[in-house]
Amino acid sequence: MQTARTRSKSRAKAEINVVPYIDVMLVLLVIFIATAPVVMQGVTVDLPQAQSETMNENQQTPIIATVDKAGQFYVSIDTTSEKMGSLDELTAYVSAQLQKDPSRPVVVQGDAQVAYDNVIQLMNALKNGGVKSVGLVTEPINSN
């Protein structure tokens, strides 16, 4: 009788231990939660206020070319924002994106404190890069 008990105790279990997998998943979840705000950050600019029409909801999300009050240039596509070293770099980047999807709209976002010349240079660079139509981003006028 004792031999039957020792045999049943010495058999290997055919179960998978899932505790290490749960630990790995929790670590990955913490990493994703910690990095999500970094991935979604953009460029903050103080937009000028003006009456304007809103974009059509059915339209694709635009490529946003930004110039901040320090005169630095950025390009934002969906949730990513990249700093551009020069207008030539910005133009090449936007042109490459438009070759992938020519129907995607392009808008310019300029800080209210930036020199008018910087916005015009940005729009001219986009035009020279093959962008047919450029929109301007503004804040709605507050009625306070």
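1. The model is predicted, so local features need pLDDT of at least 70 and side-chain atom pairs count only at pLDDT 80 or more, while totals for chains, interfaces and linings use all residues. Residues are numbered from 1 along each chain as its sequence is written, and side-chain values use heavy atoms, with hydrogens and water left out.

2. The protein has four helices and five strands. Helices (H or I, at least four residues) and strands (E, at least two) are DSSP runs, numbered from the N terminus. Their order along the sequence is α-α-β-β-β-α-β-α-β. Of the 144 residues, 25% count as buried; buried means under 20% relative accessible area, exposed over 50%, and partly exposed in between, with a 1.4 Å probe and protein chains only. Among contacts (heavy atoms within 4.5 Å) between residues at least 6 apart in sequence, 66% join residues at least 24 apart.

3. The largest nonpolar core contains 19 residues, and Leu90, Val94, Leu122 and Leu126 touch the most other members. At least two residues of this core come from each of strand E1 (63–67), strand E2 (73–77), helix H3 (87–100), strand E4 (106–110) and helix H4 (116–128). A nonpolar core here is a set of buried Ala, Val, Leu, Ile, Met, Phe, Trp, Tyr and Cys residues joined through side-chain atoms within 4.5 Å. Leaving aside residues up to four places away in sequence, Val94 touches Ile63, Val75, Val106, Leu126 and Val131.

4. Five of the five residues of E4 are buried, so this strand is largely enclosed by the rest of the structure. Both of its faces are covered: Val106, Val108 and Gly110 are buried on one side, and Val107 and Gln109 on the other.

5. Which strands pair with E4? E1 runs parallel to E4 and is joined to it by five bridges, with Val67 opposite Gly110. Strand E5 (residues 134–136) also pairs with E4 in the parallel sense, over three bridges, and there Val106 stands opposite Val134. The chain passes from E4 through H4 to E5 in a right-handed β-α-β crossover. Pairing requires at least two DSSP bridges between two strands. Right-handed means that, with the strands pointing away from the viewer, the path from the first strand over the helix to the second runs clockwise.

6. H3 has 14 residues and spans 20 Å from its first C-alpha to its last, close to the 20 Å expected at 1.5 Å a residue; the expected span is 1.5 Å times one less than the number of residues. Its buried residues are Leu87, Leu90, Thr91, Val94, Ser95, Gln97 and Leu98. They cover an arc of only 165° around the axis, which puts them on the same side of H3; the arc is that of the directions from the helix axis to the C-beta atoms. These buried residues pack against E1, E2, strand E3 (80–84), E4 and H4. The face turned away from the buried side carries the exposed residues Asp88, Gln99 and Lys100.

7. Not counting residues up to four places away in sequence, Arg104 touches Gln60, Thr61, Pro62, Ile63, Ile77, Asp78 and Leu98.

8. Ala92 lies in H3 and counts as partly exposed at 49% relative accessibility. Ala92 and Gly129 are 37 residues apart in sequence, and their C-alpha atoms are 6.9 Å apart in space.
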